[in-house]
Amino acid sequence: MIAIARSELVGVWGLAAAIALAGCAPSIPSFSGARTTPDGRVDLLAGMSARVPTGDLASGDAMALAAPGGIAPAGAVRVGVSRELDLGLVVSAASGRAELRYGETVGSIRLHAGIAGFGGYAVTDPDANGAQGSGWRAGAFVPLTLGFDVAGILEAWVGARFAFERVEGQLGPTTMMPTSTNATSSAWGVRGGGVVGLALGFRRVHVLAELAVDGEWWSGQLAGVPFERSGAALTPAFGVRIRF
């Protein structure tokens, strides 16, 4: 049984609430570290992440709700439930991911893989000049990561990841229907790519930085008009991890 002090629980929920109320970009980072959280320990992370779409992903009202760009606060809490397993919650803006990860050590290499479900509130950037709207998003995420740990001071990791996602909502006036006040937007998205990261610190406190690059393909409808979009999206992130 893992016991977490009341003050730690208050901090976790406070962090999650603050992150959920700020930002709108669906830029959930990996924040994976070199290994799963040790048995009986708790990791808390707080930082920022960004989503930088390129190509067709960066143009038009069609992607304004499904996958906009932007910067958002991000955070995570992970609990080690055994030597090999941890449970975690990673949040960014109004989206979150609940995950289960399994890890093994092979020589000096730490290998961990996971499965996660994610979802949240989909909303366009209130500062954008395009259509305004809101809705919901949900999907699944599968990461595979190789990590290296040097005396608990330096961590490095490289990984592959795959995800699929469903987004649905309503948009205000759009370029496809400029007189509409309630255009339906729905889309399926598939993404796959990789992530690299570093962490530097001492004992229980580390600073993390990572960069993910994903290829994405989206298909859907906006105001009844079909669309397809594809391109690459970058997700840089940084944060501070405290291990209790």
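Helices (H or I, at least four residues) and strands (E, at least two) are DSSP runs, numbered from the N terminus. By this rule the protein has two helices and ten strands. Along the sequence the pattern reads α-β-α-β-β-β-β-β-β-β-β-β. The model is predicted: local features need pLDDT of at least 70, side-chain atom pairs count only at pLDDT 80 or more, and totals for chains, interfaces and linings use all residues. Residues are numbered from 1 along each chain as its sequence is written, and side-chain values use heavy atoms, with hydrogens and water left out.

Of the 244 residues in the protein, 45% are buried. The accessible surface (Shrake-Rupley method, 1.4 Å probe; for residues, only the protein chains shown count as cover) comes to about 11,200 Å². Carbon and sulfur atoms account for 67% of that surface. Contact means heavy atoms within 4.5 Å. Among contacts between residues at least 6 apart in sequence, 64% join residues at least 24 apart.

Arg-137 sits in strand 6 (residues 133-150). Its relative accessible area is 4%, so Arg-137 is buried. The Arg-137 side chain makes a polar contact with the side chain of Glu-165 at 2.3 Å. A polar contact is a pair of N or O atoms within 3.5 Å; within protein, one must be able to donate a hydrogen and the other to accept it, and residues adjacent in sequence count only if both atoms are side-chain atoms. Neighbours within four places in sequence aside, Arg-137 is in contact with residues including Pro-26, Leu-65, Ala-66, Phe-118, Glu-165 and Val-167.

Salt bridges were examined next. Side chains of opposite charge can pair when their charged atoms come close. A salt bridge is a side-chain nitrogen of Lys or Arg within 4 Å of a carboxyl oxygen of Asp or Glu. The whole structure holds eleven of them. One joins the side chains of Asp-86 and Arg-101 (2.7 Å, N to O). Asp-86 lies in strand 3 (residues 85-92) and Arg-101 in strand 4 (residues 95-106), so the pair ties together parts that are 15 residues apart in sequence. Asp-86 is buried, with a relative accessible area of 0%. Arg-101 is buried too, at 4%.

Arg-241 forms a salt bridge with Glu-155, the closest N and O atoms being 2.8 Å apart. This pair links distant parts of the chain, with Arg-241 in strand 10 and Glu-155 in strand 7, 86 residues apart. Both Arg-241 and Glu-155 are buried. A further salt bridge brings together the side chains of Glu-165 and Arg-191 (3.1 Å, N to O). Glu-165 lies in strand 7 and Arg-191 in strand 8, so parts that are 26 residues apart in sequence are tied together. Glu-165 and Arg-191 are both buried. Salt bridges that share partners join Arg-51, Arg-137, Glu-165, Arg-191 and Glu-216 into one network.

A nonpolar core is a set of buried Ala, Val, Leu, Ile, Met, Phe, Trp, Tyr and Cys residues joined through side-chain atoms within 4.5 Å. The largest has 14 residues. Met-63, Ala-66, Val-167, Trp-218 and Phe-227 have the most contacts inside it. Helix 2 (62-66), strand 7 (154-171), strand 9 (205-222) and strand 10 (225-243) each supply at least two residues of this core. Helix 2 gives the largest share, four residues. Apart from this core lies another, of ten residues, among them Leu-45, Ala-76, Val-90 and Trp-157.

The surface also carries a nonpolar patch. Patches are made of residues with over 30% relative accessible area and no salt bridge; like charges are joined within 9 Å, nonpolar side chains (Val, Leu, Ile, Met, Phe, Trp, Tyr) within 5 Å. Among the residues of the nonpolar patch are Val-81, Phe-162, Trp-188, Val-190 and Trp-217. The patch has about 900 Å² of accessible area together. Strand 7 and strand 8 (183-202) give two or more residues to it. Val-190 lies in strand 8. Val-190 counts as partly exposed, at 33% relative accessibility.

Two loop residues have positive phi values. Phi of Ala-151 is near 55 degrees. Ala-151 is in the loop between strand 6 and strand 7, and is exposed at 72% relative accessibility. Ala-223 has a positive phi of about 55 degrees although it is not a glycine. Ala-223 lies in the loop between strand 9 and strand 10.

Definitions and conventions
Buried < 20%, exposed > 50% of the residue type's maximum accessible area, 1.4 Å probe, protein only.
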